[in-house]
Amino acid sequence: MSGSLGLETTKNYFILFGYFAGFMANVYLKRKISNRVVNGHPWIFNNEVEKWDHNIPAGEIVDVYTFDKKFVGKGYINPVSRILIRLLTRNKTEEINENFFLQRIRQCWEYRKKLGYSENCRLVFGEADSLPQLIIDKFNDYFVIQTLALGIDAWKPSIVNALNNIFQPKGIFERNDVPVRELEGLPQQKGFLSPSFNTQIIIWENGLQFNVDIENGQKTGYFLDQQDNRRHIQHIVKGAEVLGAFTYTGTFEIHAAYFGAKSVLGIDISENAILQARKNAELNELQNICHFETANAFDVLKQWSNDGKKYDVVMLDPPAFTKSRDTIQKAITGYKEINLRGMKLLKPGGFLVTSSCTNLVDQKLFLQIIDMAAKDARKKIRQVTFQTQSADHPVIHGIESTMYLKFLIVEVS
Ligand code: SAH
């Protein structure tokens, strides 16, 4: 127990808690902890802390020091969470206040613009933007926010002010209907953070239009992380018969049709997603080429490969089959199964376009799974491309969760 508790400027804390006059809280790390934090990872687990005042309120900004009193950084604390502290800055003189969020979000936008993004992008990608557990997707003039930890949730008003200040948005929506918030003692919720607006919007991507259901779509409504990868199917789908499984709203499939596929079939287990996919095909006048059906991919991939159906290109973009290391084997089995079936459904010389979006299966393991699938399917594969998510979701080496998407194209014969 300790941490010098002294009264400090109360401004930030009034913003946070209204009535609460704040403490200056120091937290000291244990002597022997992994190098993770020193190497740049912003998370501090509760078993890595030697001394802290257990009365520090959840959400408080604390100063973190090593056991020998070297300054590490400032972050928000939540005694309820196993991840006790998440660092927001390593700069001792930087104040965490409304202006901090304005400057950080502005930097995020400048960075995306430098990379060529203008309309749609993941504006803030949490830890990779030094704003742990904050996600902001920009869909042109509309913004979707997730605040997934208590310490960042407390700053929601400042984050909204920053967006209003930088962008003058047409609408801001909160998609905090995410189970992970419960680990932080936060409720699941969604709703408007601006005057209400029509939450069915249309965005442009690679010259195509897509409906995005901000309120009821999956996650933030649209998977921006594949936006650069969707362009990579351009050459291999020309004149091809294409099957896409886990299609969601048909983004890859509609790209395939646009890039010159002869026929495209997309399947998804969600009826709602399929209805949206059909709407998207019509929006782009590709409904004669692109068809969508509601089905369980595990069932139909097996059935159709047994039936001897063949395609030129098979695309797989499943959800994360695991969210925990405990069930990793189940995920490996799932990935192997669909990829094996996908390969069997290809004509000789066809292409498998396959993704995995959980960081628990890393790049090396993913390639091993694909190799196992090829072996069991008695196929030879040649890698065309292997990459990660779009550049608006930056990767920080040393923060494993930022390197999560695998996108692989192989030729199969
Ligand atoms: N390719 C999409 C994203 C896919 S997200 C894009 O780029 O926008 C994963 C999708 O898999 C979700 O739409 C989900 O409904 C679907 N899904 C989950 N389990 C499934 C199953 N067993 N069979 C078919 N679809 C499934």
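View 1. At 75% relative accessibility, R378 counts as exposed (exposed is over 50% relative accessible area, buried under 20%, partly exposed in between; 1.4 Å probe, protein chains only). R378 sits in the loop between α9 (363-376) and β20 (381-387). Helices (H or I, at least four residues) and strands (E, at least two) are DSSP runs, numbered from the N terminus. Phi of R378 is near 55°, a positive value in a residue other than glycine. This is a predicted model, in which local features need pLDDT of at least 70 and side-chain atom pairs count only at pLDDT 80 or more, while totals for chains, interfaces and linings use all residues. Residues are numbered from 1 along each chain as its sequence is written, and side-chain values use heavy atoms, with hydrogens and water left out.

**View 2. Q168, another residue with positive phi.** Q168 has phi near 45°, a positive value in a residue other than glycine. The loop between α4 (156-167) and β11 (171-176) holds Q168. Q168 is exposed, at a relative accessible area of 58%.

**View 3. Helix α5 and the glycine that follows.** Seven of the eight residues of helix α5 (residues 251-258) are buried, so the helix is largely enclosed by the rest of the structure. The buried residues of α5 are T251, F252, E253, I254, H255, A256 and A257. G260 follows α5 and has a positive phi, near 110°.

**View 4. T322 in a buried loop position.** T322 belongs to the loop between β18 (311-316) and α8 (328-344). Its relative accessible area is 3%, so T322 is buried. The side chains of T322 and T327 are joined by a polar contact of 2.6 Å. A polar contact is a pair of N or O atoms within 3.5 Å; within protein, one must be able to donate a hydrogen and the other to accept it, and residues adjacent in sequence count only if both atoms are side-chain atoms. Not counting residues up to four places away in sequence, T322 touches T327, I328, A331, T358 and L360 (contact means heavy atoms within 4.5 Å).

View 5. A salt bridge is a side-chain nitrogen of Lys or Arg within 4 Å of a carboxyl oxygen of Asp or Glu. E241 is partly exposed, at 25% relative accessible area. K347 also counts as partly exposed, at 27%. D312 lies in strand β18 and K347 in strand β19, so the pair ties together parts that are 35 residues apart in sequence. D312 is partly exposed, at 21% relative accessibility.

**View 6. The salt bridge of E94 and R104****.** The closest N and O atoms of E94 and R104 are 3.5 Å apart. E94 lies in the loop between β7 and α2 (98-114) and R104 in helix α2, so the pair ties together parts that are ten residues apart in sequence. E94 is partly exposed, at 26% relative accessibility. R104 is buried, with a relative accessible area of 11%. By the salt-bridge rule, the count comes to 19.

**View 7. The interface of domain 1 and domain 2.** The domain assignment gives domain 1 (7-89), domain 2 (98-199) and domain 3 (202-412); the bounds come from an automatic or database domain assignment. The contact takes 16 residues from domain 1 and 17 residues from domain 2. The centres of these two domains, taken over C-alpha atoms, are separated by 23 Å. Between them, domain 1 and domain 2 bury about 1,300 Å², 64% of it on carbon and sulfur atoms. Buried area is the accessible area (1.4 Å probe) that two parts lose on being put together, summed over both.

**View 8. Polar links across the interface of domain 1 and domain 2****.** One salt bridge is counted between the two domains. E184 and R86 form a salt bridge, with the closest N and O atoms 2.9 Å apart. On the side of domain 1 that touches domain 2, the elements giving two or more residues are α1 (11-17) and β7 (83-89). β7 gives the largest share of that side, four residues.
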